[in-house]
Amino acid sequence: MQVVFEQVINGLTIGSFYALIALGYSMVYGVLKLINFAHGDFFTLGSYVGYTILVWVSGLTVVHFGLWGLIVIAMFVAALAVALTGLAVERVAYRPIYPTGRLPAVVSALGASIFIQNAIMVVWGPRFQAYPSKLIPNIKFVLGGVNITLLQILILLMSFILMAVLYVVIQKTTFGAAVRASALDRETASLMGINFKKVIFFIFFLGPALGAMAGVMVGMYYRQISFTMGWNYGLKAFTATILGGIGNLPGAMFGGLILGVLEMLGAAYISAAWKDVFVFLILILVLIFRPNGLFGERVAEKV
Amino acid sequence: MTDRFSFNKSPGASKAAVVAAILIFFIFPFFAGDYAIDTAFFFGIYALLGLSLNIVLGEVGLFDLGHAGFYAIGAYTTAILNTVYGLPVLALAPVSAMAAALFAYLVCSPIIHLRGDYLCIVTIGMGEIVRLALINNPFNITGGPNGVFGIDFPSLGGFLVIDSSIEYYFLIWGVVGVTIWGLVRLQNSKIGRAWNYIREDEAAAGAIGVDVRKYKLLAFVIGAGIAGVAGNIYASKLMVVSPESFSFWESCLLFCIVLIGGMGSIPGVLIGAAFISLFPEIFRPFAMYRMLVFGSVMILMMMFRPQGFWPRKRGRFSPGKALLKQEGEA
């Protein structure tokens, strides 16, 4: 039983990465019906920006703000830098293209993804980079025989706070209502006086920012980052988005967490090498029986 | 004949252009070095793969981002049957096609009712499952991450052995030529019309009596079969197959070939394949910056030609913009 609990906690940790990335996919998809393939690379970029701050600027900032302050600054700067990149990518690669259709936008998104990935390679080099090792004291807590590290607790705490904040913003504020309305029916929403441009600004600011924070957390958790890792995480996060029901934000959060837990349980009880196969099989099975995802509502077919 | 290839207004000029292109294709390898011929060979492989995906994505409008999976099945079928059982490579071409087609039939049957992006993610999952399974080496036959090596050259009864660059060049382009001929026939058949009808309006097609499920599956089966043949030729050319060659990235490239060229357009696919396969070679001097250029060019192309480089023209009106607009609203 302890193994199960430990795997569930590990799964929730990586699941919260997937969930944070999935939120960006889901928001963009909900409003623009665009699969933003560059989103995984926003995540990587965040990871690298965080790495640079932690490694290069640490001497300076630790003196003034302490270790925790440094981590907070790294996450904040990474989020801001990547959010600005997200806005730039939207402006350059998506805005001129999405009025012409969904499929050209997919190619453009892939182009943006290739561009960002290779820009990262040019700037930081093609080799793996390693996050500093003694960032967070390696403290283990034992709760009823279940091991959990301080880092895991922090990651879970931070991601749940971020998700809760986003949930409140989307569900309870007027601005969130505007985003939801645009996702439901863009034209009618515009007729009701919703500024669609602001909505797009909002989603392309928040989505990449959340992805970047996940990137910094992944760096702290696994310590090793590479410029191609965005593909893998992006793919998993996109899977999580679909699992939860695309365009449905709480669905994306739960989809990510469920995916992480399934992956870890699969690794423990089936085989570590086959865990991804297991995840994709579950996804396919879910979609066969619930074609709109776990939490997706059935949409009537337009004729 | 000309409108089938969707050439522009003057059939005489375009016919001359085609004749010139074919002549260049025949003469070029006798004057070029091995490197250029090999590049042209991979252009041919991508053209064949693009044509195969074009059936699923271009003709029927199904988002298939796992096409490299079918390609992998074809390549591994050839590799394993040739290295373990010593069967001749050429005889394995139809076997590879059938293996890939059967795989497509079995895998796609339960998921064919999914729409748009849901089908897209399931095909991604399918492609990833194939790749991961090849890496994990089930029953010790796929060689794990290293793959299978030592695949024979194709030969016709031992007297014509295809082992030089130039012979491979003619082999692949011969197959591409036959495939194009078959696909043009298919486009103008009852099947082709049913496919296009499904793409334009699935509900209406179903209502008028088109067996939507059957035709969608048929597209996947034929597309996978052609991809399987491409896998067969690829395996014998490289003499080694490994899982890295069939990644999600490869599927994305194929997707781009069809969209850059123009959905459903055969000349468009050739142009898209040329772009994807020749561009990185031509821009090799840029070294590590070339993929930056590549990504930017993809964005620029979609900015200026969202309907593709050579969109298919249908009937008397040009569908390009109207079609895309409709799709954007849906």
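Modeller: The model is predicted, with local features needing pLDDT of at least 70, side-chain atom pairs pLDDT 80 or more, and totals for chains, interfaces and linings using all residues. Residues are numbered from 1 along each chain as its sequence is written, chains are lettered from A and ligands numbered from 1 in the order written, and side-chain values use heavy atoms without hydrogens or water.

Biologist: What makes a set of points a cavity, and what makes it a pocket?

Modeller: On a 1 Å grid over the protein atoms alone, a 1.4 Å probe fits in a cavity but cannot get out, while a pocket is an open set with protein on both sides within 12 Å along at least five of seven lines. The search of the whole structure finds five cavities of 30 Å³ or more. The second largest cavity has a volume of about 90 Å³, and the second largest pocket holds about 1400 Å³ of space.

Biologist: Which helix gives the most to the lining of the second largest pocket?

Modeller: Helix α2 (residues 34-59) of chain B does, with seven residues. The pocket has 47 lining residues, with A:T228, B:E244, B:S247, B:W249 and B:E250 nearest its centre.

Notes
1 Å grid on protein atoms, 1.4 Å probe; cavity = no way out; pocket = protein on both sides within 12 Å on 5 of 7 lines; lining within 4 Å. Points joined across faces, edges and corners; volume = space filled by probe spheres on them. Helix = DSSP H or I, 4+ residues; strand = E, 2+ residues; numbered from the N terminus.
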